[in-house]
Amino acid sequence: MTTATQLEFQVRPITPADNPHLARVIREVSAEFGLTADKGFTVSDPNLDRLFELYSADRSAYWVIEHQGQVVGGGGVAPLSCAADDICELQKMYFLPQARGTGLGREMALRALEHARSLGFRRCYLETTGTLLSAVKLYHALGFTLLDGPMGCTGHNDCEVWMIRDL
């Protein structure tokens, strides 16, 4: 269902020009929630300023959310490193305050899951932190279930919530 609020936003594939804007969004949201680089959260990712290049890789995709010409969020999917070929990872789902509560997080996750399914993935993994209560609630609503420990080689040392779902 598209709400009036969602109509003010545009969702589109990432472009090279989005790199600095997405890095800014991720840094701002990370700072807002205390997700610091020294703890291994996404903000410490060495590819943070090169997301277009990262998501141009095989079996990867990333979408950007714009509001009034400004990048306000995004999310993507890529193969889970150090895991079976049929497992992808939902990645870098970050939204500035104006994009939250609009249903765009759900739309973005569903878009990524459908794309992953079309690429032949059979399961989707994600890592997050309990600090992001709305995100954890959304992932549960989308059918993700909790795991006892991490999968793959994500490098997100302080993420303590690990989830997976079948595609």
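## A first stop in a loop

Where is the place of Gln 68? Gln 68 sits in the loop between E2 and E3. Here helices (H or I, at least four residues) and strands (E, at least two) are DSSP runs, numbered from the N terminus. This is a predicted model, in which local features need pLDDT of at least 70, side-chain atom pairs count only at pLDDT 80 or more, and totals for chains, interfaces and linings use all residues. Residues are numbered from 1 along each chain as its sequence is written, and side-chain values use heavy atoms, with hydrogens and water left out.

Gln 68 has a phi near 50°, a positive value in a residue other than glycine. Most residues other than glycine have a negative phi. Gln 68 counts as exposed, at 71% relative accessibility; buried means under 20% relative accessible area, exposed over 50%, and partly exposed in between (1.4 Å probe, protein chains only). Cys 82, in the loop between E3 and E4, also has a positive phi, near 65°, and is exposed at 57%.

## The sheet and its helices

Seven strands make up an open sheet with mixed pairing, in the order E1-E2-E3-E4-E5-E7-E6. Strands E1 (9-13) and E6 (145-146) stand at the edges with a single partner strand each, so one side of each has no neighbour in the sheet. Two strands pair if DSSP finds at least two bridges between them. Strand E2 (residues 61-67) and strand E3 (residues 70-79) pair in the antiparallel sense over seven bridges, and Val 64 has Gly 74 in E3 as its bridge partner.

Helix H1 (residues 19-32) lies across E2, E3 and strand E4 (87-95), and runs at about 95° to E3. Helix H3 (residues 104-118) lies across E1, E2, E3, E4, strand E5 (123-128) and E7, at about 155° to E4. For these angles, axes are lines fitted to C-alpha atoms, for helices over the stretch in contact (heavy atoms within 4.5 Å); angles run from 0 to 180 degrees between N-to-C directions.

## Charged pairs

Side chains of opposite charge can pair when their charged atoms come close. The whole structure holds eight salt bridges, each a side-chain nitrogen of Lys or Arg within 4 Å of a carboxyl oxygen of Asp or Glu. One of them joins Arg 123 to Asp 86, with the closest N and O atoms 3.2 Å apart. Arg 123 lies in strand E5 and Asp 86 in the loop between E3 and E4, so the pair ties together parts that are 37 residues apart in sequence.

Within helix H3, Glu 107 and Arg 111 are four residues apart, about one helical turn, and their side chains meet in a salt bridge (3.2 Å, N to O). Arg 117 forms a salt bridge with Glu 114, the closest N and O atoms being 2.3 Å apart. Elsewhere, salt bridges link Arg 12, Asp 18 and Glu 66 in a network.

## A buried arginine

Arg 165 belongs to strand E7 (residues 161-166). Arg 165 is buried and has no salt bridge; Asp 166, the nearest side chain of opposite charge, is 7.6 Å away. In this count Lys and Arg are positive and Asp and Glu negative, while His and the chain ends are left out.

What does the side chain of Arg 165 reach at 2.7 Å? The answer is the backbone oxygen of Leu 142. Leaving aside residues up to four places away in sequence, Arg 165 touches several residues, including Leu 113, Arg 117, Arg 123 and Phe 144.

Definitions and conventions:
A polar contact is a pair of N or O atoms within 3.5 Å; within protein, one must be able to donate a hydrogen and the other to accept it, and residues adjacent in sequence count only if both atoms are side-chain atoms.
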